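Please open the structure in your viewer and keep the selection tool at hand. The tour below moves from one selection to the next and says what can be found at each stop.

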Amino acid sequence: MGRPSSWPKKRPICTSSTLTGTSALVFFSRSLYDQLRGQVDHWLRQATNGEQNLQTARHRLRILHAWGSKDQPGFYRTLADQVGVTPLTVDRTPPGSPTAKLLFACRALLLDAQLTGRSLQVFDAVLIDEGQDLVHEQAQLTFEEKQAFYWMAYQSLRPVARDSLFATGEPEARRLIWAYDEAQSLDTLTIPNTRALFEDAGAQVFGPGAAYKGGIKKSEVMNRCYRTPGPVLLAAHALGMGLLREGGMLAGLTTKADWKAIGYEVDGQFRSGSEVMLTRFPENSPNPLPQFTGEPLVTFGNDPTRRTELEALVTNIQQDLTEHGLQPSRQLLVVVPGLDWEPYALQREVFQALRAANISVYLPGNKDVNAPKQKWPSTDPNGFWRDGAVTVSSIMQARGNEADVVYVVGLDQVASREDHIPLRKQLFVGVSRSRGWVRLSGAGMTGLLADEIHRVLAAGDTLRFTYRPPRRMLDAME
């Protein structure tokens, strides 16, 4: 869909020949509706010389949020209607994360379909984006040892006869394609590879071998990032994985092959105590911005208090809007990290500081600009941007979106738990939202994370570190 990858995004495929009939493009974050519709419309026009667009293709391609709501059809609710059961709502699921609640509903639907003998088959092809957000390690959320959402998606597909191109010895195929970025999963440590999703049924789903006839791979690792400039992506990987941490990396890739697959050159060995040097291949970061400016693309401000941090933020945004000529919406983005409800307290502080300076602000999910967090019915669950306003977002809501200048504020909330892997993943997500510049800031940061950030920014285009086995490995396991 034209969305560039900033991490190894794998696309396992169970497919066949040219798509016909009704297809679904499914995703997790409702804030991506606007972007996905725009991208699909653009590429349909591009591929058909203007003969097709999203409007003309609406009966053959449906863009669906993974869950859906009463006033907006989604993937799960569409399949619940197909089976003839009342779809569960969020308040009718056990306490848990958004992913856990969705998977509980999917598992219940699969059980209903099994008990009633009704078919889920409605689509000819299903394409899943943000696949990392549709899995969970809790066994009670799986269906017969399979990940409930993916098995539901597989069962929603009409089988097609295998042709000579995709012949694998199985009598039929189903067109299921999913993309994932394991570094952006903020809720689970499960990596959605074939084994994790389908257990022993994976052989039936994919057939033997790593490629279809003709050399078409069943899984692709995308090593080129068009969106994020090389220096920014390097910083995102370093900070997200803790490569230059005093205590050693927290999570990441641990083989030369896997680092090369995502666009890096590696010197050294991944053996405990050995020195490793990572350099990103320039051709894998074709964003041209570093060629046009000598200024650093990533900067860090460590202010003595939250008040002074927010005053600096206001000053910088005012300069972006006046001296630099940037538009507030879609060119500027402020993101705040934190666990549970922590980011929303800081989001409120940022909102108040910007409004005091007469800068228009939009909080994702609101109906109105320049309003504190609104409650239903004054909401827009799909909203992420509003013309004329700077978006201030939690990192959870910001995933998949992008801007020319990204401000990641409140890093002291990460510094207090600098070895916490979910917060590190938030840091990776926040930095990698940028198409250009990243401004990191925190209040009263002393100690490990502040020192680590300075080391990362001073490293240039090469990361050198002493390897220690991480707590979590992200190596390919297909």
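**A tour by selection**

Begin by selecting helix H4, residues 148–155, which is mostly covered, since seven of its eight residues are buried. Bear in mind throughout that this is a predicted model. Colour the buried residues of H4, and you will have marked Ala-148, Phe-149, Tyr-150, Trp-151, Met-152, Ala-153 and Tyr-154.

Is His-65 buried or exposed? His-65 counts as buried because its relative accessibility is 11%, and the cut-off for buried is under 20%. Show the side chain of His-65 and follow it to the backbone oxygen of Phe-28, which it reaches at 2.8 Å. Leaving aside residues up to four places away in sequence, His-65 touches Phe-27, Phe-28, Ser-29, Arg-30, Tyr-33, Gly-74 and Phe-75.

From there, turn to the aromatic pairs, of which a search of the whole structure finds 14. One of them joins Phe-27 and Tyr-33 edge-to-face, with 4.8 Å from centre to centre and 90° between the planes, and both of these residues are buried. Then select Phe-384 and Trp-385, which also form an edge-to-face pair, at 5.0 Å centre to centre and with 85° between the planes. Phe-384 counts as buried at 2% relative accessibility, and Trp-385 is buried with a relative accessible area of 10%.

For the last stop, select Trp-259, Leu-278, Leu-411 and Leu-440, the residues with the most contacts inside the largest nonpolar core, which has 50 residues. Helix H7, residues 230–241, gives the most to this core, with seven residues. Apart from this core lies another, of 47 residues, including Ala-66, Leu-79, Ala-105 and Leu-176. To finish, centre the view on Leu-440, which, not counting residues up to four places away in sequence, touches Leu-239, Val-298, Thr-299, Phe-300, Gly-301, Val-408, Leu-411, Val-431 and Ile-453.

Methods:
Residues numbered from 1 in each chain as written. Predicted model: local features only at pLDDT ≥ 70, side-chain atom pairs only at ≥ 80, totals over all residues. Heavy atoms only, no water. Core = buried A, V, L, I, M, F, W, Y, C linked by side-chain atoms within 4.5 Å. Buried < 20%, exposed > 50% of the residue type's maximum accessible area, 1.4 Å probe, protein only. Helix = DSSP H or I, 4+ residues; strand = E, 2+ residues; numbered from the N terminus. Contact = heavy atoms within 4.5 Å. Polar contact = N/O pair within 3.5 Å; in protein donor to acceptor, adjacent residues only side chain to side chain. Phe/Tyr/Trp six-rings, centres within 6.5 Å; stacked < 30°, edge-to-face > 60°.
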